[in-house]
Structure formats: structure tokens, C-alpha cells
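I opened this entry to record what I looked up, one item at a time.

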Amino acid sequence: EMTSVARKEMVEAVLGEPIEGATFDFDYPAPAYASAYEEKLGTTVRFERPGTAMRLPAAWLRRRSAMADASMFRISLERLEERTRQLARREFVVAHVEELLASAGDAGMSIEEAARALGMSRRSLTRRLAEHGTSFREVRDDHLRSRAERLLRDPDLHLADVAFRLGYRDVANFGRASRRWFGMPPGRFRRSLAEG
């Protein structure tokens, strides 16, 4: 019952409207409180069916999700393509470290934390990354550069907010990093992104 309510809420979030038109089938007899099912689920409920299922109209597959976000889709697709390239080159450790850095978000992650998450010592992680011609510092710097570029594409974020999200407490330090990454200050790089 709880799973059915959760499914209903998930589908409604994607549709952006009530789930009317769907059908919930249950493989057991109607309980004494069967009327509460339709009240809570907001659509047709059937009992003593061959299996338990939530049936959705096929036409819903062609509908645009209310949660669709073109920029997040593009960013996610870029990340997946990069992971695919890394795995194709068999850079598993690098890909795992990048995924850990991405999941850490604004909090960031130290090499000790990354090694612990991967079930190895700091020394082993350092050695494995060196085997692929990189270091934790370089992987983290590449991750920050990619993240900076994505954040700078958002014109609503102030440069100080971008710096803070990247872990820089001082905008001047972020400016130096931007010059190293992009060859120019962050404001100018943002303008070049908008022009390109």
C-alpha cells in the first residue's frame, strides 16, 4: 500500500498533475477498508487481479515531464559521455575518484576520504592514479575546472557564489584558478561562454 502511494506521487511529480487515468491492480481480495484505496490513490483500483501492478495509459509516454530541465540533461549527458570515455580507456580508478568528487558536491573531498570510500589506503590510491598518469590533485583540479565552467554558464549565479560552491572562500583565489584553467578571469570567461 505504501509503495503504491509512493509510485502515485512519483508519477504525479513527473506529470505535473493528478494521476487520474492510471489503474492500480492488487493480487489480493479487497480489504475492509478498500474504499480508502481509491481515496488515497486518486484513481481506479481493482482487487483479485492476476498480479499487483500500476497501469499507465500508453499516451503518457509521449508527454513532456513537468520536471524536464534541458540544461541539467545536457550536463548529465556530458558527464555520462566522459565516464564512458574513461571506462573505454580502462581508467576505472580515475572514473571512481571523479564520481566521488561529483557526489561530494560543495563539501569537497580529501584524498584520505576518497581512499577510504574506495576501500584502499592513501598510498594505494596515489599509486593507482599514477599508473594512469595522474594524481588526486590533478583529478580534483579537472573536476573543479569542469564544475566551474558549468556554474559560470548560469548567469544568475554571482561570481562569489560560484567561488563558494567550488570551495574557494576568497574570490581572488578563484580568479587565479580561472586564469590557470581558462587563461582569463572568471567574468571574462563567462562572457566568452555567452558569446559562443
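I am working from a predicted model, and I began with Leu 101, which I located in helix 4, residues 92-104. Setting aside neighbours within four places in sequence, I listed Met 109, Phe 136, Val 139, Arg 140 and His 143 as the contacts of Leu 101.

I then turned to helix 7, residues 136-152, where I checked the length: its 17 residues should span 24 Å at 1.5 Å a residue, and the end C-alpha atoms are 24 Å apart, so the two agree. Among the buried residues of helix 7 I found Phe 136, Val 139 and His 143, and the elements covering its buried residues include helix 4 and helix 9.

Next I looked up salt bridges, and the count came to ten. Arg 74 pairs with Glu 78, with the closest N and O atoms 3.3 Å apart; because these two are four residues apart in helix 3, about one helical turn separates them. Arg 180 and Asp 141 also meet in a salt bridge, at 2.7 Å from N to O. Arg 180 lies in helix 9 and Asp 141 in helix 7, so this pair ties together parts that are 39 residues apart in sequence. I noted Arg 180 as exposed at 52%, whereas Asp 141 is partly exposed at 21%.

Definitions and conventions: Residues numbered from 1 in each chain as written. Predicted model: local features only at pLDDT ≥ 70, side-chain atom pairs only at ≥ 80, totals over all residues. Heavy atoms only, no water. Contact = heavy atoms within 4.5 Å. Expected span 1.5 Å × (residues − 1). Buried < 20%, exposed > 50% of the residue type's maximum accessible area, 1.4 Å probe, protein only. Salt bridge = Lys/Arg side-chain N within 4 Å of Asp/Glu carboxyl O.
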